[in-house]
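This report goes through selected features of one model, from a sheet to helices, rings, single residues and backbone geometry. The sequence and structure come first.

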Amino acid sequence: METSPYFKLLTAISASTLLLASCGGGSDASFHVATKDVSCLAIDSSGSSVVIGSNLPGDPSLPEAASGYRTGLKPIYAQTYMVTTSNAYASAAGCAVLKKGGTAADAAVAVQAVLGLTVPEATGLGSGGVLLYYDASKKTVQAYDGRESAPSAATENYLRYVDDTNDLSAPKPNARASGRSIGNIGVPRLIEALQRDHGTLAWKDLFGDAITLSTNGFPIGGRLAAAIASNASNLKRDTEAAAYFFNADGSPKALGTLLKNPAYANTLKAMANSGANALYTGQIAQDIVKKIATTTGADGSVITPGKTTLADLANYQAKVRDPICTTYRSYWICGMPPPSSGGIAVASALGVLENFNLQQLKPTAIDLEGGKPTVQGVHLITEAERMAYADRDKYVADTDFIPPPNGTWNTLLNKPYLQSRAALININKSMGTAVAGNFGPVPLGVDKTMIEHGTNQFTIVDGSGNVLTATTTVESSMGSFHMTNGFLLNNQLTDFSANPTDTTGALVANRVQPGKRPRSSMAPTLIFKIAADGSKGDFVMATGSPGGGTIPQYVVKTIVGVLDWGLDAQQSSNLVDFGASNNPVTTVGGEHPNINTSNGGANDPLLTGLVALGHTISTAAQASGVNTILRTSINQSSVLQGGTDPRREGVVLGDTFAH
């Protein structure tokens, strides 16, 4: 009997997807009684468990239209290991690796390989990313920079002019959809460097689930279906993308369609056998360079080629950097350094907020969805964010090219400076637009570029206590619309300022330069207790989110939700998305069930209260993708608690138990 319109499809894919989460075992901890083993099984809000890929009711891999917000999600608990991503197949692949005894670094390879298949609109092998890794045995935190870089032939006007001398017209059809937006890919070298440093399993064995899914197919989910349809005209400009994402009659492949990608499977096999070099040298690299150099679309349209060479690809390396670590109350907060601005923006905002008692401003009527934020709580947090963005927009860029003010990020993040910034906040009136701090006689131009909407984030803790939080991105949804060997190429270079100077003529720190990495907003974050000697003590929390320029806002509200307001990992993910960049608009996510957008917001006391303080309110739906893991205790036993954003299609897995 056909119980679903997808019955035949699900039968076809069942054999290939069941392997993704059929890992079991796991011992029962003394502080709970389990009726059955639910290790690496998905658990719904009622406590029922199901194998991902089983196609049974409650299977989170079943294709559903993106609802905007899933109510009723509860935190998941695990004994020793956990993975939370915004895609069920990716979580299952990562959990399977952890179950085998792999490290968080091993699991990250499997997770990213699957994400590149199932959410290509957000991430993939043709993208870049950043991550933080905590080595529990050494008690060290490392920042891995896999951000794309500009080709050696790029000029400051690379995104602005076809040619600096002979053709001052804009790249065609536009900068993003031209070859000019495509940076030297970063993800393959990023995950290889991470796994080489911190992995224990064989590299070649980490791609099996992604290869199987690519070969046998997976059903298109809601976010991917929407991305295909909304980007149809641009994707059809590329022959490979058109063949992959569209039916023979030109219609977009719809929700639930079985999507197979043998080309991606072949790329993964090459990478498994030869390492990341398979994409930076040889035939695949040649295909990437050729695709970037495309001059004519499948529809006959003109495309301005990029100037990437084989040498550019071969010379690209992921970099290990020192994280940005500052204290906040009784915690160490560690974030990503430049070229990402996320770590600095989060630390700056929190450093300002440290001067206020946020605990007394916690949400009211706290429920599973995080409650109702208070007017003054949102006011203080968004004012702090305005000042953080003001400094970010002026001073933050790739430090290999542009040094921080006075040669150190302490200039922007030291306690006295942030206290002086906090003193600028008027509790009765929004400042609207903040002014950046003044750190010298040579001003830098202000650049507010912040796109990055095609992004994904995942968080992992392994059985040895190692922790990873990673954010990877193709930049905008579907990247540059250029596709080769089963994956899309990024449009990351549009995160540079297209103009090398601002309206005053001052040079912009985030201008294009050869080999430079564009500024990002990605903000994977690790949090530890402050030990008695002032050092980093026990691990407390790992989090992060996609969301482009709003990423720091999503991360700040999540951190404050946990540390100041006592919310759990799921409540803090569910919590209303609110925040501000450096302009008068304050965003309060209208997709949240605790926000009343009727009558223009006039019936919601939070919205009217903010308007009374001078805020201009936007209730546009937000698309955060927070994935958080906390270390907590039950009956004096240390356990993990995880949450995933209800605005995406995520799931938390691990050696879970009922609580």
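In which sense do β17 and strand β18 pair, and over how many bridges?

## Basis of the values

This is a predicted model, in which local features need pLDDT of at least 70, side-chain atom pairs count only at pLDDT 80 or more, and totals for chains, interfaces and linings use all residues. Residues are numbered from 1 along each chain as its sequence is written, and side-chain values use heavy atoms, with hydrogens and water left out.

β17 and strand β18 (residues 585–588) pair in the antiparallel sense, over two bridges. Strands are DSSP runs of E with at least two residues, helices are runs of H or I with at least four, and both are numbered from the N terminus. Two strands pair if DSSP finds at least two bridges between them. The sheet is open, has three strands in the order β17-β18-β19, and its pairing is mixed. β17 (578–579) and β19 (616–618) are the edge strands, each pairing on one side only.

G579 lies in strand β17 and stands opposite T587 in β18. With a relative accessible area of 0%, G579 is buried (buried is under 20%, exposed over 50%, partly exposed in between, for a 1.4 Å probe and protein chains only). Not counting residues up to four places away in sequence, G579 touches T382, E385, Q553, V585, T586 and T587 (contact is heavy atoms within 4.5 Å). The C-alpha atoms of G579 and A384 are 9.5 Å from each other, though 195 residues separate them along the chain.

Helix α13 (residues 342–353) has twelve residues, which should span 16 Å at 1.5 Å a residue; its end C-alpha atoms are 17 Å apart, in agreement. The expected span is 1.5 Å times one less than the number of residues. Twelve of the twelve residues are buried, so α13 is largely enclosed by the rest of the structure. Their packing partners are β9 (324–328), β10 (331–335), α14 (375–395), α15 (410–413), α16 (415–422) and α17 (551–563).

Helix α4 (residues 187–198) also has twelve residues, and its first and last C-alpha atoms are 16 Å apart, close to the 16 Å expected. Ten of the twelve residues of α4 are buried, among them R189, E192 and H198.

## Aromatic rings and charges

The structure holds eight aromatic pairs. The rings of Y77 and F657 have centres 6.1 Å apart and planes at 40°, so this pair is tilted. Rings of Phe, Tyr and Trp (its six-membered ring) pair if their centres lie within 6.5 Å; planes under 30 degrees apart count as stacked, over 60 as edge-to-face and the rest as tilted. Y77 is in strand β3 (residues 76–85) and F657 in strand β22 (residues 651–657), so the pair ties together parts 580 residues apart in sequence. Both residues, Y77 and F657, are buried. Elsewhere, Y134, F528 and F539 form one aromatic cluster.

Two charges are placed over rings: R189 lies over the face of Y280, 4.1 Å from the ring centre, and the charged end of K236 sits over the ring of F246, 5.0 Å from its centre. The criterion is NZ of Lys or CZ of Arg within 6 Å of the ring centre and within 35 degrees of the ring normal.

## Two buried residues

T656 is in strand β22 and is buried at 4% relative accessible area. A polar atom of the T656 side chain lies 2.9 Å from the backbone oxygen of V38. Beyond four places in sequence, T656 touches V38, S39, L41, I43, I76, Y77 and A78.

M478 is in the loop between β12 (467–475) and β13 (483–484), and is buried at 0% relative accessibility. Its contacts, leaving aside neighbours within four places in sequence, include E121, R176, F245 and L488.

## Backbone geometry

Most residues other than glycine have a negative phi, and most peptide bonds are trans. A cis peptide bond joins K172 and P173, with omega about -5°; the bond from P338 to P339 is also cis, with omega near 20°. P173 is in the loop between β5 (140–146) and α4, and P339 in the loop between β10 and α13.

N485 has a positive phi near 55° and is buried at 17% relative accessibility. Q636 has a positive phi of about 70° and is exposed at 82%; Q636 is in the loop between β20 (627–634) and β21 (637–644).

Note on methods
Polar contact = N/O pair within 3.5 Å; in protein donor to acceptor, adjacent residues only side chain to side chain.
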